[in-house]
Amino acid sequence: MANSELLTVAEALAIVLSRVAPLDEERVPLLDALGRVLAAPVVAADSLPPFANSSMDGYAVRADDIVSAGPQSAVLLRVVADIAAGRPSDVALTPGTAARIMTGAPLPDGADAVVPVEDTDEPWRGADRPLPERVAIRRAVGHGDYVRYPGEDIRAGQTVLTAGHVIRPQEIGVLASLGVERVTVVRRPRVGVLATGDELIDVGAPLMPGKIRNSNGYAQAAQVRALGGEALALGVAGDREDDVRARLDAGVAAGVDLLVSSAGVSVGAYDVVKAVLDQAGGVVFWRVRMRPGKPLAFGAYRGVPFLGLPGNPVSAMVSFERFARPAILKMAGRRELERPNVEAIVLEDLHSDGRESYLRAVVSRDERGYVATTTGSQGSHIMTSLVQANALLIVPEGVTAVAAGTTLRALMIDWPSDVF
Ligand code: AMP
Ligand code: MG
């Protein structure tokens, strides 16, 4: 493909995704698996629950003993054991007997049901209430009532989670209950983040004439982290090819899975990033019909996928959102690579230049459904309009005017609870 050709966003994204693959696996301590993707299925070594136990505080009984029990016709049973959670009893119930039992405590042999304490004459309070000699049962329960049987949730040998499953807190809970101390997950993508530009100074430095602080380096590192990736700061390169090369080399040496740079990919006299990538023979494409963010370099630098984002802070972030995010998620083993999106009614007239445009917007909901308003200036250097936004409103390619009332797709960069 001629690398000066302008690609659509979809074409460019397809190329990016075709050049990255899920990373290899690693074994991590249970809690570190949160947010990661399982690289191997999890097979239960034990059943859950592991043993029959009571779901109520009450009395373990033989259901056949109490068929005639009712509010006016108590059945008296002899209490032969007191079974607390974690303390199994070796007393077996014989006809006419019961065992006091607590929630989660193992059902004794001979018992096949539990009568909740509320249905007896023994409304115990507190832990040290003495064990009564007899208990009056005022309700007939069926076989198995208030008993939680082994394997009801998970059977030993069952595949509980398959490869590709994303680990949330509930999966952590299941894994813990199955005794899984270490989890096999896809490795976190390591992303080298490079800022370029002679005008850049670091966050802690005082402003000087002509200089601005390097915001992209931090914003892209944050975007990587927000996805669960590991950002490796490659610092700021001046607009010199050797400086850019040296910093990219440092990233390659550190074993990064992806290189992301900002600025220097345009047609200015000092735009050296694309030149460096060109010399490395790695440019796959260079321009995308997208706004913001037309100059976008993609390729490989010394075998590592490389995404050269535009320099303007909003362009850099939106291009990252559109291309780096799905690539990083794919590397992390995710299958769902897109943000949630909704159809929203635009509440104002909009203009575009025919490129696929991503407008910073707030999506909210009223009686018409989802509605969207842009967040002020769409200049690619206006970061505050991205701060106010919860969505990127997509004006499709070829469309130059959008009348108020039209429905557009909105990519939700947040999923705010007041909207959904
Ligand atoms: P360039 O692509 O080099 O022409 O840069 C486009 C615009 O983005 C210029 O106004 C740069 O000053 C600005 N810019 C480039 N890199 C950064 C950065 N790391 N942080 C903030 N602004 C930047
Ligand atoms: Mg520049």
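A residue counts as near a molecule if one of its heavy atoms lies within 4 Å of it. The model under study is predicted.

**Exercise 1.** Determine how many residues surround ligand 1 and which are the closest.

*Solution.* Under this cut-off, 15 residues surround ligand 1. The closest are Glu199, Asn214, Ser215, Gly311 and Asn312. By class, the shell around ligand 1 consists of five nonpolar, seven polar and three charged residues.

**Exercise 2.** Identify polar atoms of the protein that lie within 3.5 Å of N or O atoms of ligand 1.

*Solution.* Begin with asparagine 214: a polar atom of its side chain is 2.9 Å from a nitrogen atom of ligand 1. Next, a polar backbone atom of asparagine 216 lies 3.3 Å from a nitrogen atom of the ligand. Finally, glycine 311 places a polar backbone atom 3.1 Å from an oxygen atom of ligand 1. As to cover, ligand 1 taken alone exposes 490 Å², of which the protein buries 76%. The elements that contribute two or more residues to the shell around ligand 1 are β13 (190-196) and β15 (212-213).

**Exercise 3.** Describe how helices α4 and α5 pack.

*Solution.* Two packed helices are described by the angle between their axes and the distance between the axes. For α4 (residues 241-253) and α5 (residues 272-279), the angle is about 65° and the axes are 9 Å apart. The crossing of α4 and α5 is right-handed. Turning to the residues, Glu241, Val244, Arg245 and Leu248 of α4 meet Val272, Val273, Ala275, Val276 and Gln279 of α5. The residues of this contact comprise six nonpolar, one polar and two charged.

Methods
Residues numbered from 1 in each chain as written. Chains lettered and ligands numbered in written order. Predicted model: local features only at pLDDT ≥ 70, side-chain atom pairs only at ≥ 80, totals over all residues. Heavy atoms only, no water. Polar contact = N/O pair within 3.5 Å; in protein donor to acceptor, adjacent residues only side chain to side chain. Areas by Shrake-Rupley, 256 points an atom, 1.4 Å probe, with all protein chains shown as cover. Helix = DSSP H or I, 4+ residues; strand = E, 2+ residues; numbered from the N terminus. Nonpolar A, V, L, I, M, F, W, Y, C, P; charged D, E, K, R; others polar. Axes fitted to C-alpha atoms, helices over the stretch in contact; angles between N-to-C directions. Left-handed = near helix turned anticlockwise from the far one by under 90°. Contact = heavy atoms within 4.5 Å.
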